[in-house]
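Please read the sequence and the structure below side by side.

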Amino acid sequence: MERERLERLLAGSDEASVAALVALRCGGSYVVWGGATSAESLALVYGRRLRHTRRRGIETANLERAVELLGRHQQPVRLGQIRAADGTWTFMLFLTEDGNRLIACTGVRRLQV
């Protein structure tokens, strides 16, 4: 997927989409994988991640909302990822199977070692 197209998909107003767009425009790396997986299984996986990040006190953006949206989505989901150039955040993108619409975006602050 071209960077410009991904930028257009991130034109939402939620905290994670805005931050992901900034990361992308500031030189962050990105990938959108081929294939798709069930939204239901992703909702379960990211629900566990939500509980894990809360227990550990790890900062996230829009993770609870992403789990909710994935739980309601009835079609397969395509995944993408943006990593901030400075390594501080990783954003997961949940797209429609054809890649034409963003279903949800979430971010997690990376622990610096």
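The model discussed here is a predicted one.

Helix 2 itself runs over residues 15–25. At its start, the backbone nitrogen of A16 has a side-chain oxygen of D14 within 3.2 Å. Six names make up the list of buried residues in this helix: A16, S17, A20, L21, A23 and L24. They are on the same side of helix 2, because the arc they cover around the axis is only 160 degrees. E15 and R25, on the other side of helix 2, are exposed. The buried residues of helix 2 have several packing partners. Helix 1 (3–9) is one of them, and the strands among them are strand 1 (29–32), strand 2 (60–61), strand 3 (77–83), strand 4 (89–96) and strand 5 (102–109).

Neighbours within four places in sequence left aside, S17 is in contact with L10, G12, L102 and C105.

A disulfide would need two cysteine sulfur atoms within 2.5 Å. The cysteine sulfur closest to that of C26 belongs to C105 and is 15 Å away, so the two are too far apart for a bond. C105 is accordingly in no disulfide, its nearest cysteine sulfur being that of C26. Are these two cysteines buried or exposed? C26 is exposed, at a relative accessible area of 58%, whereas C105 is buried, at 1%.

Helix 4 covers residues 63–72, and its buried residues are L63, A66, V67, L69 and L70. Why do they count as lying on the same side of helix 4? They do so because they cover an arc of only 165 degrees around the axis. The face turned away from this buried side carries E64 and R72, which are exposed. For packing, the buried residues of helix 4 have helix 3, strand 2, strand 3, strand 4 and strand 5 as partners.

Between strand 2 and helix 4 there is a loop, and N62 has its place there. Most residues other than glycine have a negative phi. N62 is not a glycine, yet its phi is positive, near 65 degrees. With a relative accessibility of 21%, N62 counts as partly exposed; the limit for a buried residue is under 20%.

Helix 3 is the place of T53. This residue counts as buried, at 7% relative accessibility. Residues up to four places away in sequence not counted, T53 touches I58, T60, L63 and V108.

The aromatic rings come next. A pair of aromatic rings is described by the distance of the centres and the angle of the planes. How many aromatic pairs are there? The count comes to two. In the pair of Y46 and F94, the ring centres are 5.0 Å apart and the planes stand at 85 degrees, so this pair is edge-to-face. Y46 lies in helix 3 (residues 39–56) and F94 in strand 4, so the pair ties together parts that are 48 residues apart in sequence. Y46 is buried, with a relative accessible area of 7%, and F94 counts as buried too, at 0% relative accessibility. W89 and F91 form a stacked aromatic pair, with 5.8 Å from centre to centre and 15 degrees between the planes. Both W89 and F91 are buried.

Which residue lies over the face of Y46? It is R49, at 4.5 Å from the ring centre.

Conventions:
Residues numbered from 1 in each chain as written. Predicted model: local features only at pLDDT ≥ 70, side-chain atom pairs only at ≥ 80, totals over all residues. Heavy atoms only, no water. Buried < 20%, exposed > 50% of the residue type's maximum accessible area, 1.4 Å probe, protein only. Helix = DSSP H or I, 4+ residues; strand = E, 2+ residues; numbered from the N terminus. Arc of directions from axis to C-beta. Contact = heavy atoms within 4.5 Å. Polar contact = N/O pair within 3.5 Å; in protein donor to acceptor, adjacent residues only side chain to side chain. Phe/Tyr/Trp six-rings, centres within 6.5 Å; stacked < 30°, edge-to-face > 60°. Lys NZ or Arg CZ within 6 Å of the ring centre and 35° of its normal.
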